[in-house]
Amino acid sequence: FNISGERITDMMLNRFEEVAVPIYNKYAHKTKLTLDQAVILASIIEKEALNVSDMRTISSVFHNRLKRGMPLQSEPTVRYAVKKFSQVLTIDDLRNTSPYNTYRYNGLPIGPICNPGAAALEAALNPDSSKFLYFVSNSDGSHSFSYTLSEHNIAVAKYKKSFQFNIPPD
């Protein structure tokens, strides 16, 4: 193909306006998120959810954590920050000072970690109504959701025996 970078950018922006803006406008009246914030949150949901059916519940966890001032503690944001997309994360990775590290910093990161799809954007703007504060990916690609840290740690022990959560910054 002989397409200029400018033309590709124009195509991407047009597609964004065709897909993302109408979704945002559909839910703008019921969210406090700006369009930029919705895209950032949707990008995290996109990377966390292996199944579209879990996206709205994952979104509810993040919304609940944001409302409580809790860090999102999303592994994909750390992976993005340290550029480790398949390796095991270390304690040092979780302590990385990148503004994308949602283990270290509360709130949304400074930008999206991927290009989210329409389902993730819709989930970011229209989360399930839940009180869940935690989730872990199961071995089959689904997720287990928990209300308390102790419930979460049991789920983690079941599905990710070697992974450690809630590692404090230095």
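Trainee: The expected span of a helix is 1.5 Å times one less than its number of residues. What span should α1 have, and how far apart are its end C-alpha atoms?

Mentor: The 23 residues of α1 should span 33 Å, and the end C-alpha atoms lie 32 Å apart, so the two agree. Helices here are DSSP runs (H or I, at least four residues; strands are E, at least two), numbered from the N terminus. Remember that this is a predicted model: local features need pLDDT of at least 70, side-chain atom pairs count only at pLDDT 80 or more, and totals for chains, interfaces and linings use all residues. Residues are numbered from 1 along each chain as its sequence is written, and side-chain values use heavy atoms, with hydrogens and water left out.

Trainee: Where is the kink in α1 centred?

Mentor: On Glu17, with a kink of about 35°. The bend at a residue is the angle between axes fitted to the seven residues ending there and the seven starting there.

Trainee: Which residues of α1 are buried?

Mentor: Ala20, Ile23, Tyr24 and Tyr27 are buried in α1. Buried means under 20% relative accessible area, exposed means over 50%, and partly exposed is in between (1.4 Å probe, protein chains only).

Trainee: What do the buried residues of α1 pack against?

Mentor: Helices α2 and α6. Contact means heavy atoms within 4.5 Å.

Trainee: New topic. How many salt bridges are there?

Mentor: The count comes to 5. A salt bridge needs a side-chain nitrogen of Lys or Arg within 4 Å of a carboxyl oxygen of Asp or Glu. Side chains of opposite charge can pair when their charged atoms come close.

Trainee: Which residue forms a salt bridge with Glu122?

Mentor: Lys26, with the closest N and O atoms 3.4 Å apart. This pair links distant parts of the chain: Glu122 is in helix α6 and Lys26 is in helix α1, 96 residues apart. Glu122 is partly exposed, at 26% relative accessible area.

Trainee: And what does Arg15 meet in a salt bridge?

Mentor: The side chain of Glu18, at 3.3 Å from N to O. Both sit in helix α1, 3 residues apart, about one turn of the helix. Arg15 and Glu18 are exposed.

Trainee: Are Asp93 and Lys84 buried or exposed?

Mentor: Both are buried. They also form a salt bridge, with the closest N and O atoms 2.8 Å apart.

Trainee: What about His63, buried or exposed?

Mentor: His63 counts as buried because its relative accessibility is 14%. It lies in helix α3. Leaving aside neighbours within four places in sequence, His63 contacts Leu33, Leu41, Ala124 and Pro127.

Trainee: Last one. What is the phi of Gln73?

Mentor: Near 50°, a positive value in a residue other than glycine. Most residues other than glycine have a negative phi. Gln73 is in the loop between α3 and α4 (75–82). At 16% relative accessible area, Gln73 is buried. Lys83 also has a positive phi, about 60°, and is not a glycine. Lys83 lies in the loop between α4 and α5 (91–94).
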